[in-house]
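Welcome! Here is a short briefing to read beside the sequence and the 3D view.

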Amino acid sequence: VWGKEFADKLAQDSKWLRRAMKVNDISFEVYYNSLLGGKAIVRNFVFNALRLGIQPIRTAAHVAADIPLSGFGKLRPREYYLGEVGQDIVASLGVLREAGMDAIRIMKTGDRFIEPGHEMTERLIRGKLGRVVNIPSTLMDAGDAFFYRPLKTQSLYRQAFVQAKHSGLKGRKFVEQLAELKANPTPEMMIKAEDDALKALFRRGSNFADALTGGLIRAREHRIGGFTPQKIVMPFIKVPVNLTEFGLGHSPLAAFNLKMYDNIARRSPQAAEQVGNMMLGSAIAGSLAWYAYSGQITGEAPRNAAERDRFFRDGKQPFSMRIGDTWIGYQQVPILNMVLPQVVAVVDAIRNKDDKAVSENAADAVFTISRGVTQQGFVTGLNQAMEAITDPERSGETFINKTMRQKVMENLKE
């Protein structure tokens with residue numbers, strides 16, 4: 001990659017190798033912060049706020065699925081109760097002051113949050129310059145820290161409610177038991193709450209997602225002569241994979257999850273969560289299908305040049321919903337960002353069934369759904385690369401200038 005003579009020199013002289021690694025790491029420290037700046041911080045905050053806000057709705061969906069799956073409590077003890085919905089609301093509102101203090105502490109000290117979602121390694125730029133360069137990642141950490149405590153408390157309160165229900169206590173004794181479990185949660189409750197909160201922030205995923213991201217991260221971190229040029233295209237891996245897993249689990253496509261059927265057969269409580277999530281996403285998809293059919297919801301812009309030009313001339317925007325006379329992007333709204341591209345893909349296939357072959361409609365559907373995944377904020381590099389491939393005239397030069405040449409050279413100069 002860098003030339004045989006240069007590579008041999010690095011291999012023979014560890015001092016030069018260390019220097020190359022340091023230049024690389026400092027360069028990408030600046031690069032990562034440049035990706036996390038501006039709108040990315042606002043999007044992350046809004047996304048987390050919506051994720052916190054929809055939790056009571058998710059819990060209600062889990063309750064609706066758990067009642068029949070548990071045989072109304074006769075096949076196995078119920079794991080979800082309607083009272084947990086109220087606990088979600090109380091938990092999220094009751095710790096906002098403490099959450100604000102957590103965020104302020106990180107902004108003041110520059111400390112890292114648990115398991116950084118932006119996947120940056122140790123900060124190498126020190127002092128005042130380092131604090132300035134790392135403002136975007138610090139704000140990103142502070143934003144996640146703000147939502148971590150409410151999300152964790154929601155999980156603790158739900159667990160406490162279920163355990164109190166399982167105790168068989170009623171009335172005042174039930175209330176006292178619930179209060180005791182909230183004030184003094186068990187170590188097992190704390191571990192689950194922390195895991196639930198990090199998953200809600202998309203900093204952790206399922207065992208499958210963690211195994212997948214582990215391999216991808218190792219490939220991304222592989223050094224070539226001390227450098228990691230592959231980070232340019234895939235700077236973020238963990239969050240996009242976890243985000244995609246969350247979105248697919250809350251969509252009609254979750255019906256193809258064989259693990260869900262295995263959990264149903266084994267009467268596992270996890271089945272209620274999986275089925276509830278699928279029901280919620282499917283309900284949203286069904287209720288908005290008519291709106292998409294009328295052309296008020298868009299997916300990816302058409303690949304055909306003439307259709308693509310007409311799409312933009314009509315004032316439409318990719319992955320957006322028309323509200324009044326304004327097109328508003330839905331890519332930062334949890335669940336909608338994965339469900340609506342699927343809805344649009346199906347609706348387009350139905351609309352074009354007489355004009356296009358089945359294979360062409362299928363290809364368009366796959367393209368729309370896959371582009372819906374790569375439109376997420378944390379997949380910037382891959383998203384721009386796909387745009388350059390699919391529409392070189394419109395996006396090819398932008399990708400080269402913005403991603404490959406301009407950012408890297410500016411960061412190296414800094």
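Two strands count as paired if DSSP finds at least two bridges between them. Helices (H or I, at least four residues) and strands (E, at least two) are DSSP runs, numbered from the N terminus. This is a predicted model, in which local features need pLDDT of at least 70, side-chain atom pairs count only at pLDDT 80 or more, and totals for chains, interfaces and linings use all residues. Residues are numbered from 1 along each chain as its sequence is written, and side-chain values use heavy atoms, leaving out hydrogens and water.

**The hairpin**
- Strands β1 (residues 320-323) and β2 (residues 326-329) run antiparallel and are joined by four bridges.
- Arg 322 has Trp 327 in β2 as its bridge partner, while Ser 320 stands opposite Gly 329 in β2.
- Two residues lie between the strands of this hairpin, where Gly 324 takes a positive phi near 70°.

**The nonpolar patch**
- Met 101, Ile 104, Met 107, Val 132, Ile 135 and Leu 139 make a nonpolar surface patch of about 500 Å².
- The elements giving two or more residues to this patch are α6 (96-109) and α8.
- Helix α6 gives the most, with three residues, and Met 107 lies in α6.
- Patch residues have over 30% relative accessible area (Shrake-Rupley method, 1.4 Å probe, with only the protein chains shown as cover).

How values were computed
Patches are made of residues with over 30% relative accessible area and no salt bridge: like charges are joined within 9 Å, nonpolar side chains (Val, Leu, Ile, Met, Phe, Trp, Tyr) within 5 Å. A salt bridge is a side-chain nitrogen of Lys or Arg within 4 Å of a carboxyl oxygen of Asp or Glu.
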